[in-house]
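Colleague: I would like to learn how to read the place where two chains meet. Could we go through one case step by step?

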Amino acid sequence: MMQELDPLLHSQLRLAVMSILLGVEQADFVYLKEKTESTAGNLSVQLEKLAAAGYISKETDGSGAKARTICRMTDTGRAAMQAYVDALKTYFTGLNQ
Amino acid sequence: MEEKRINEQESLALITRMISQTKQESAIGSGNVFLVWGYLCTFMSLAVFAITLVTKGGGWGWLYLAIPLLGFAIAAIVARRTSKKYNGPTTYQGKSINAIWGVLSSLFGAYAGICLVSTIFNWGDAHVWSGMFLLGLLLPGIGTYATGVILKEGQVQSCGLTGCIIGLFFLREFCNSSAISPSWCLGMALAMVISLVIPGHILNAKAKQANS
């Protein structure tokens, strides 16, 4: 039976961010912006949504023009990604039969 | 990319693409540190050998102590340039590799400290410094092998292992004769090329290939 996919993760930009953070310990805002080819404003909004859900943590390193926003995936985020991938698999069961 | 819903197939493809792209890019610049230390140790070894041969005098082995001073300074400059050019993420692999090299460097530094204290307090003779030579032959090979295991790079592992084996031959020779001859500098140069220079070029070539 197909499971419902987490609506917070089932969006192109948020899922891309979470997938990047899955393989690294931390990544900064500029790196995420480059890799997802998104606009700063849009990425900022989506990061806020992920942070509000507790999926990622954000912290600012440095101050002024040199300040970097560093993002990390939390344990909650990791569990959510695991559940999302598990749910995703249910959509593909039967392909090998 | 933007905020839009995607279908299940696109989700799967996106997760796979992002994970694989991040993994490939995380290796960028990792070979540079190997090259800095590798070339520095190789050139210093050849220089000590040549100077000793020309002057026919001893004591030139102390020049090796310039390696950590020059190495840390150049490695810091290279690391700063790489981070300016490439604003990459911090990976678990990178942290593990840094931790391994940190431990090995600390061992080397700790032994140097012990030798320095020994020399200052006249506790043993200058021969204790010869141990630095052996550590310099063995530790880089161990570090390179461990790096190869973490990065799953068979060629890098082989280079590290070969470097360790060369070091073992010198260890045996040292225990047998307790003396270091100038020709050891050539052995050191060879060990550094195999343990550090070749793996450095391999890592950079693979990172370049992955990024193209």
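Colleague: How many residue pairs are in polar contact between chain B and chain A?

Modeller: This is a predicted model, and the count takes in pairs with both residues at pLDDT 80 or more. Between chain B and chain A there are 5 residue pairs in polar contact.

Colleague: Which elements of chain B give two or more residues to the side that touches chain A?

Modeller: They are α1 (8-25) and α4 (92-120) of chain B. The largest share comes from α1(B), with 11 residues.

Colleague: How do the residues on that side of chain B divide into nonpolar, polar and charged?

Modeller: There are 10 nonpolar, 9 polar and 7 charged residues.

Colleague: Which side chains meet in a salt bridge?

Modeller: The count between the two chains is 1 salt bridge. Glu25(A) and Lys95(B) meet there, at 3.3 Å from N to O.

Colleague: How is the size of an interface often given?

Modeller: It is often given as the accessible area lost when the parts come together. Here the area buried between chain B and chain A is about 2,700 Å², and carbon and sulfur atoms give 58% of that area. In residues, 26 of chain B are in contact with 34 of chain A.

Colleague: What does the secondary structure of chain B come to?

Modeller: Chain B has 7 helices and 0 strands. Of its 212 residues, 36% are buried. The C-alpha atoms of chain B fill a box of roughly 75 × 30 × 30 Å along the principal axes.

Technical notes: Residues numbered from 1 in each chain as written. Chains lettered and ligands numbered in written order. Predicted model: local features only at pLDDT ≥ 70, side-chain atom pairs only at ≥ 80, totals over all residues. Heavy atoms only, no water. Contact = heavy atoms within 4.5 Å. Buried area = accessible area lost by both parts, 1.4 Å probe. Salt bridge = Lys/Arg side-chain N within 4 Å of Asp/Glu carboxyl O. Polar contact = N/O pair within 3.5 Å; in protein donor to acceptor, adjacent residues only side chain to side chain. Helix = DSSP H or I, 4+ residues; strand = E, 2+ residues; numbered from the N terminus. Nonpolar A, V, L, I, M, F, W, Y, C, P; charged D, E, K, R; others polar. Buried < 20%, exposed > 50% of the residue type's maximum accessible area, 1.4 Å probe, protein only.
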